[in-house]
Amino acid sequence: QTSLNMRITGSPGTGKTSLARLLFRYLHAYGVLPRNVFVEKNGLEMKGKYVGHTAPTVKDAVAEAMGGCLFLDEAYALADSEDGFSGEAVRTLLTEVENNRTSLMVVLAGYKDKMTKLMRADPGMPRRFPTLLHLGDYTAEEVSQICETVAREKFHKDFEHGLRVRLAKHIEDQLASEI
């Protein structure tokens, strides 16, 4: 009888969606979430196209995910503008989350700075999404290890001796030149 809702923040490619799927699969496997349903939406999809369309759109997404997980990528888009739809989207989501807090996991994902702004959109947001997981950026060494693993497992290719170290150095140099 606790809130399963959470925020996952991080840069592109850090694994926010993958982490949410793994958490959902774990909770479903242990019976915490009874339905094997993972609904993935973009925050923009939750906002209506005309007055009166936003609340039903949010409610439909929640109903579709009931008993499982609703994953909202780029969730900050819910409160990204002053278009009138943003407030309705946030308020409706908060109401639905509160009404279904033990039968649904809602995961809000996005960039850390923009998600902070979303949490300020309504005083109820931090309370309804109490858990925050931040995924840090990969180091150049970690990226080179991932490349080597993918080359081996997906393409059945082995890195030549020293390639991983050279690749990590190249990645590090490229990142330094972009700053």
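Why does N100 count as buried? I noted that its relative accessibility is 16%, so N100 counts as buried, the term meaning under 20% relative accessible area, with exposed over 50% and partly exposed in between (1.4 Å probe, protein chains only).

**Basis of the entries.** I worked from a predicted model, in which local features need pLDDT of at least 70 and side-chain atom pairs count only at pLDDT 80 or more, while totals for chains, interfaces and linings use all residues. Residues are numbered from 1 along each chain as its sequence is written, and side-chain values use heavy atoms, with hydrogens and water left out.

**Surroundings of N100.** I located N100 in the loop between α3 and β4; helices (H or I, at least four residues) and strands (E, at least two) are DSSP runs numbered from the N terminus. Leaving aside residues up to four places away in sequence, N100 touches V62 and M66, where contact means heavy atoms within 4.5 Å.

**The sheet.** I then traced an open sheet of five strands, ordered β2-β3-β4-β1-β5 with parallel pairing. Two strands pair if DSSP finds at least two bridges between them. At the edges are β2 (38–42) and β5 (131–135), each of which pairs on one side only. From one strand to the next, the twist averages 20°.

I looked at β3 in particular. Five bridges join β2 to β3, and four join β3 to β4. C69 has M105 as its bridge partner in β4, and F38 stands opposite C69 in β3. Four of the five residues of β3 are buried.

**A helix on the sheet.** I found α4 lying across β1 (6–10), β4 and β5, at about 130° to β4. Axes are lines fitted to C-alpha atoms, for helices over the stretch in contact, and angles run from 0 to 180 degrees between N-to-C directions.

**The cores.** A nonpolar core is a set of buried Ala, Val, Leu, Ile, Met, Phe, Trp, Tyr and Cys residues joined through side-chain atoms within 4.5 Å. Which residues touch the most other members of the largest nonpolar core? I recorded L70, L108 and L118, in a core of 26 residues. At least two residues of this core come from each of α2 (54–65), β3 (69–73), α3 (85–99), β4 (105–110) and α4 (112–119). The largest share, five residues, comes from α3.

A second, separate core has 14 residues, including I8, C69, F71 and A109.
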